[in-house]
Amino acid sequence: MKKKVFKILAWGFATLTLIILCSYAYMNYLTKYKFIPKENEFTKRVAYIDPEKALLSEDFETCSDYIFDYYNPERATYSKEKNGLRKFILTHYKNKNYNDSGYLNIRFVINCNGETGRYIIHENDLDLEPKPFNKDLVNQLFDLTVQLKEWNPNVIRGKKRDSYMYISYRIENGEITQIIP
Amino acid sequence: MEKSLKLYLSILLVSILIGCQTNQEKAEKASKYGFLFYQGNPQHMNAFAYAVELDSTNAENWRELSVTYLKRGIPHEWKKYYDKAVEYDAKTWQPWRGYLYLWFYRDYKKAIVDFDASDTLTPNFIDAPQGHSVDYWRGIAYLGLKNYEKSNWYFEKHIKKETEDFGEDYVDLTAFLYNGIAYFEAENFEDALVNFDKQLKHGRNLSADAKYYKAQILKAENRIVESKAMIDSAIEDFNSGYYNHRPYVETLKQIYPEDLKNFKTLLNN
């Protein structure tokens, strides 16, 4: 009788182990091999900013290895709200006879202490096609964006977190007509 | 022996059936798998990129690839993928693109072009991307362009249709608010008040925005005491969370505490 119970338990254990191993192998197959495109495989998250390629990332530290990308502006906010952000940018920005039009987008990281770093810039025309802006305009808006220092960090599940953020400047003939989001 | 043979044949048959899936079916499996992951993660993106490799005509998968870039402020990548969605299913995704141009790029003109296109793409049907009719969205877009006459025309059309079909209490409160704001900006205070009052009537008398505009109208009519009471009520509503805002982006004509505070200071001087 004891032998029979032992045999059943052994078979049960062996079956369970096999199921777990097969599931693991199948999940591994799914994530690494099955649903992978032949060209341009994604190896990083879309939001990822490479610290090696980013601006002002030398002395910037994140609080953890995972940076959230939750973009609702009511979660990670500028300390003086959108109105304060807009007022600061528009009062300090000078159109030095620029004739550029398009979207100048600046993406960066806000760490859990509300500090910013790892900036990257995307320059596109009004049809959202890549097109470089006047260098002086880019430098001016980048400097102003960096000066927006006090940010409220994202709070997720009751804890302050590192998160990605972006500001998009819509520019028409050198004038800022919209600040998004 | 016979049993083993049956089992072997069954496994073989199942394998053949699985192997016989069309590319469309395989793409569907890939997209289902992709939806298991957070938008923008490599597993999510790879699954949809794989899906469009298998079936490049599936508009929804192109759209899913694009949305990640939209929310993360990477416009050129959003456009590259989203335009494919429109190419393969303009009826569904062109009005939606108008909605995205409107809010994520504040490109009112491009938004209107896409909303107008829906009139001919679906002539007997009023599209409603993100839950509002294209007429409602055109009302917003023309308000953004400061074309108040056209803004009111589309809002009136939207409100009339919703009221006829479902009743006035079914109309989204922001339709009254924005219709009122367009009248207010055109200095048609009478029609502005009609709309702000409807918003308050159907919204349990709670709206910092409607009250803020009403307070301004009262001030213009030199009814200062009533205006002060109205702005106090607006501040109370704002502090209770009853103000117009939307996820991901700032809404059009969004009000902030300092707007209310500044107006109150103006009344007290």
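The domain assignment of chain A, whose bounds come from an automatic or database domain assignment, gives domain 1 (1-43) and domain 2 (77-180), and the C-alpha centres of domain 1 and domain 2 of chain A lie 48 Å apart. This is a predicted model, in which local features need pLDDT of at least 70 and side-chain atom pairs count only at pLDDT 80 or more, while totals for chains, interfaces and linings use all residues. Residues are numbered from 1 along each chain as its sequence is written, and chains are lettered from A, with ligands numbered from 1, in the order in which they are written.

**Contact between chain A and chain B**

- Chain A gives 36 residues and chain B gives 29 residues to the contact, where two residues are in contact if their C-beta atoms, placed from the backbone, lie within 7 Å.
- On the side of chain A that touches chain B, two or more residues each come from helix 1 (2-34), helix 2 (81-92), strand 2 (102-110), strand 3 (116-124), strand 7 (163-172) and strand 8 (175-180) of chain A; helices (H or I, at least four residues) and strands (E, at least two) are DSSP runs, numbered from the N terminus.
- Strand 7 of chain A provides the largest share of that side, four residues.
- By class, the side of chain A that touches chain B holds 16 nonpolar, 10 polar and 10 charged residues, with Ala, Val, Leu, Ile, Met, Phe, Trp, Tyr, Cys and Pro counted as nonpolar, Asp, Glu, Lys and Arg as charged, and the others, Gly among them, as polar.

**Sheet of chain A**

- Four strands of chain A form an open sheet in the order 3-2-7-8, with antiparallel pairing; two strands pair if DSSP finds at least two bridges between them.
- Strand 3 and strand 8 of chain A stand at the edges and have a single partner strand each, so one side of each is left without a neighbour in the sheet.
- From one strand to the next, the twist averages 20°.
- Strand 2 and strand 3 of chain A run antiparallel and are joined by seven bridges, and A:Ile110 stands opposite A:Thr116 in strand 3 of chain A.
- Helix 5 (residues 75-88) of chain B packs on the sheet, where this helix touches strand 2 and strand 3 of chain A and its direction makes about 50° with that of strand 3 of chain A; axes are lines fitted to C-alpha atoms, for helices over the stretch in contact, and angles run from 0 to 180 degrees between N-to-C directions.

**Helix pair in chain B**

- Helix 3 (residues 42-54) and helix 4 (residues 59-71) of chain B pack at an angle of about 145°, with their axes 9 Å apart.
- Residues in this contact include B:Phe48 and B:Val52 of helix 3 of chain B, and B:Trp62 and B:Leu65 of helix 4 of chain B.
- The contact of helix 3 with helix 4 of chain B has seven nonpolar, two polar and one charged residues.
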